[in-house]
Amino acid sequence: MWLSSRGFGAAMIITGTSVGAGMLAIPATVAACGFWLASLLLVIVWFVMMLTALLLAEVNMSMPDGTNFSRMAQSTLGKRGQIITLISYLLLLYSLTAAYSAGGGNLVASGLNKLGIYFPGTLSSALFILILGFFVYVGTRAVDHANKVLMLVKFLAFFAFVVAIIPGVQQVLLSTETRSLNFVWITFPILITSFGFHHIIPTLRTYVKSDRKTLRKAIIFGSLIPLVIYLIWVICTLGSIPVYGVDGFQGIIQNGNTSLGIVGSYHSAHVGSFAYLFESVAITTSFLGVTLGLFDFNRDTYRLQRLTHLNKVAVFMITFLPPFLFAVLYPKGFIIALGYASIFVAILLIGLPAAMAWVIRRRQNKNHLLSKVYLGVVLLIAGAVILLEILTLLNALPAL
């Protein structure tokens, strides 16, 4: 039965990695586009990211099992491609790990405070890393089982969240027209990051025992679930919160914290509780997905593939200690790095798979005209997203 198979587990890891706490901020990003255009943008971004994930799987399947991003890039794009890939990969995943460690530490501290136990933030983050890092240390199977339990809780929290919000959905708000198509451009960097799971594909390829069909099915199904969740979320929020005004998305964005602003706009303790539960579990599942990929990447990069405890402890320290120290000693540093996350995502998860697939298909004499056009379009999309992210960082794009 597929529900109990490794393929389903792989799909759930993809979903858990994609649907993170940042999902709460998606409505504020797409609000100015209006519901229908926002939904279309989500479908387009999902389709592009699903295709590039399949391209990455194609490249990885053409190489020995266990080949990571760095070695794939070296084999296809040479030393320069490997260096660009290595820098982008480590900056992205270490900054994400640092961010999730800090967020997870806050969750641990909050839970302990309710029990009358008070830990400093540093110790709470360390405890969060040790608890969830244990599953990563044990292996993909352990992460699979833990992730399935967490995903069930996440789905239940999201369902309760939606049920609490949906009575307030109004057709007139969903019918709000887009004032300007210029608002479209600022959405792409954020939405693309919301479908970022590609770094886990080499690990999942090993987990499904290099079964090409199972891996493809896991990628399609695992990425489709986040799309459905995001669409439902956008319906509920854009249908119950106006775009403009102090109490609308415009006011929420101006006040700073969009996640708290969206939840707070409903003035309901139940909504707040469901949102807190969802956000808490989202942090844990995303942390597991990100660090599992980073753990295997480090094991392959530092040639520590032998499954001895000494090797695994060394990889554990390489994976978790740098982002933990970085988050503690330079707390604003990883936030700055996250600001550039979409650039790393565009390079790693859109441009790189297409560039590597181009080389692999050429070697296999399969890069015919249609293939070149297809891969060329994907490369152009990657370049466009990088440009849009740079313009966003320079505040050169229109926003609410």
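**A residue, the core and the spaces**

Author: His 199 is buried, its relative accessible area being 7% (buried means under 20%, exposed over 50% and partly exposed in between, with a 1.4 Å probe and protein chains only). This is a predicted model, in which local features need pLDDT of at least 70 and side-chain atom pairs count only at pLDDT 80 or more, while totals for chains, interfaces and linings use all residues. Residues are numbered from 1 along each chain as its sequence is written, and side-chain values use heavy atoms, with hydrogens and water left out.

Reader: Where is His 199 found?

Author: His 199 is in the loop between helix H8 (187-193) and helix H9 (201-207); helices are DSSP runs of H or I with at least four residues, numbered from the N terminus.

Reader: What does the side chain of His 199 reach?

Author: The backbone oxygen of Gly 289, at 3.3 Å.

Reader: And which residues does His 199 touch?

Author: Setting aside residues up to four places away in sequence, His 199 touches Thr 17, Phe 69, Tyr 89, Leu 93, Gly 289, Val 290, Gly 293 and Leu 349. Contact here means heavy atoms within 4.5 Å.

Reader: On to the core: which residues have the most contacts inside the largest nonpolar core?

Author: Met 23, Phe 69 and Ile 219 do, in a core of 119 residues. Helix H3 (residues 35-61) gives the most to this core, with 16 residues. Such a core is a set of buried Ala, Val, Leu, Ile, Met, Phe, Trp, Tyr and Cys residues joined through side-chain atoms within 4.5 Å.

Reader: What is Ile 219 in contact with?

Author: Beyond its neighbours within four places in sequence, Ile 219 contacts Ile 14, Met 50, Ala 53, Leu 54, Ala 57, Phe 197 and Ile 201.

Reader: Now the second largest pocket. How much space lies in it?

Author: About 450 Å³. A pocket is an open set of points on a 1 Å grid over the protein atoms alone, with protein on both sides within 12 Å along at least five of seven lines; lining residues have an atom within 4 Å of a point.

Reader: Which residues lie nearest its centre?

Author: Of the 25 lining residues of the second largest pocket, Thr 140, Thr 203, Thr 206, Asp 296 and Arg 299 lie nearest its centre.

Reader: Where does the largest share of that lining come from?

Author: H13 supplies it, with 7 residues; this helix spans 269-301.

Key
Helix = DSSP H or I, 4+ residues; strand = E, 2+ residues; numbered from the N terminus. Polar contact = N/O pair within 3.5 Å; in protein donor to acceptor, adjacent residues only side chain to side chain. 1 Å grid on protein atoms, 1.4 Å probe; cavity = no way out; pocket = protein on both sides within 12 Å on 5 of 7 lines; lining within 4 Å. Points joined across faces, edges and corners; volume = space filled by probe spheres on them.
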